[in-house]
Amino acid sequence: MDYGYGGNTSYGAQGGADGGGFLGGSQAGSQDTPGGGKKYGQDTLRPVTIKQLLDATIPYPDADPKIDDASLTQAHFIGQVRQVSPQATNTTYKVDDGTAVIDVKQWVDSDAAVDDEKYVPKEGDYVHVYGKLKEFNGKRHIGPQAIRPVTDFNEINYHLLSATAVHLYFARGPPGQANGGVKSEGDGLFVDGNAGGPNGVGGRKLPAGMSAMTKRIYEFLQNSPQNNEGLHVHDIARQLNVPSNEVFKSGDELILQGFIYTTIDDETWAVLE
Amino acid sequence: MTEQTPRINSLYLEAFTGQTVMITGKVSQIRGETAVIDANGEVTVLLNRESHLRPGTAVEIVGKVNQDLTVKVLKSTNMGSEIDFSIVNAVVDATHRYKEIFYADNK
């Protein structure tokens, strides 16, 4: 993926100044909201369907849109170009992904060198669009960072599945431990049955990307009887019947992320609540 | 033009009669004005002048489901021979299971 302008990768520049950080007039800067306490590192690039973009709520003009209550900075989707309208200042592509149609407005950069190699979308092409959702006079469009041709049509289906997975992650929480330890790798993407309340009682939700082992250990620590000293690594390993080094590895991850802490020694852990 | 074309396969034809849908399938037969495609079961499609289906390859059809469960082709896009139909069916399944991000009921 190529995020052309670089404006959105400048995490460092936004880090220090809470709320007041308008720097350099980069495109990314315009999404800052005064006093909003925008947190550093919250830029996201989320796979979506066009229907989600049209359904997204925009709390007030120029605010980041929200989908499933999660704020959206950059989005990407795949659709077929229905219409190309070249204008003086921009080219508008109508892109259709079967869920809805949205305009993608690519501004003409008159300073840019003419590049014959550059991909120019044509009617009927399938394209992968990366960009920001904008609203102007009540009509939504996309300001693209990049438009890439789709050459392997399986990508369309991969994309729709990943949009679904991310939607379910935000709408229902991360996938919980599969019921009864029956982990079905293939279907794991779609949370069946146990979608309601992941991780059971009282605990916080683990972020996505944690390994199954890590989730299992966290859940075990939450749910097993213990005193305030927590549990020793070897106890955990024995009771879950897994090698100690696996437990150490996952434990380090959980400690690093602040979900558990060490108590009487480095090898005894309790859940941080 | 309908802006919403839910992805379906042969199993969903009846539920979507009268609606415009999107079907990805493998072309199995072409007979003049009609063709049969395999989209988790057979679907008979009524071709238009612009459709150029190639037997054995995948095609994505946007069309309207008739009362007799044939599909009138409005637009077809050739998808080549590399399409993995297990993923296509997973997408159809997700479309209807989590339709909130794919389509609104009754248009």
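Biologist: How do the axes of helix H4 and helix H5 of chain A cross?

Modeller: Here's the general idea: two packed helices are described by the angle between their axes and the distance between the axes. In this predicted model, the axes of H4(A), residues 212–223, and H5(A), residues 233–240, come within 11 Å and cross at roughly 105 degrees. H4(A) and H5(A) are therefore roughly perpendicular to each other.

Biologist: Which residues make that contact?

Modeller: From H4(A) you have Arg216(A), Ile217(A), Phe220(A) and Leu221(A), and H5(A) brings Ile236(A), Gln239(A) and Leu240(A). Sort the contact by class and you get five nonpolar residues, one polar and one charged.

Biologist: And how do the axes of H4(A) and helix H6 of chain A cross?

Modeller: Read the pair the same way. H6(A) covers residues 244–256, and its axis and that of H4(A) come within 9 Å, crossing at roughly 80 degrees. So H4(A) and H6(A) are also roughly perpendicular to each other. On the H4(A) side, look for Met213(A), Thr214(A), Ile217(A) and Tyr218(A); they meet Glu246(A), Val247(A), Ser250(A), Glu253(A) and Leu254(A) of H6(A). By class, that contact has five nonpolar, two polar and two charged residues.

Biologist: Now the two chains. What area is buried between chain A and chain B?

Modeller: The size of an interface is often given as the accessible area lost when the parts come together. Between chain A and chain B about 2300 Å² is buried, and carbon and sulfur atoms give 58% of that. The contact takes 28 residues from chain A and 27 from chain B.

Biologist: Which parts of chain A supply the side that touches chain B?

Modeller: Helix H2 (50–55), strand E4 (74–86) and helix H3 (154–172) of chain A each supply at least two residues. H3(A) gives the most, with eleven residues. By class, this side of chain A has twelve nonpolar, nine polar and seven charged residues.

Biologist: How many salt bridges and polar contacts link chain A and chain B?

Modeller: The count of salt bridges between chain A and chain B is zero. For polar contacts, ten residue pairs turn up across the interface.

Biologist: What's the salt bridge count over all chains, then?

Modeller: It comes to eleven.

Definitions and conventions:
Residues numbered from 1 in each chain as written. Chains lettered and ligands numbered in written order. Predicted model: local features only at pLDDT ≥ 70, side-chain atom pairs only at ≥ 80, totals over all residues. Heavy atoms only, no water. Axes fitted to C-alpha atoms, helices over the stretch in contact; angles between N-to-C directions. Helix = DSSP H or I, 4+ residues; strand = E, 2+ residues; numbered from the N terminus. Parallel < 35°, antiparallel > 145°, perpendicular 65-115°, else oblique. Contact = heavy atoms within 4.5 Å. Nonpolar A, V, L, I, M, F, W, Y, C, P; charged D, E, K, R; others polar. Buried area = accessible area lost by both parts, 1.4 Å probe. Salt bridge = Lys/Arg side-chain N within 4 Å of Asp/Glu carboxyl O. Polar contact = N/O pair within 3.5 Å; in protein donor to acceptor, adjacent residues only side chain to side chain.
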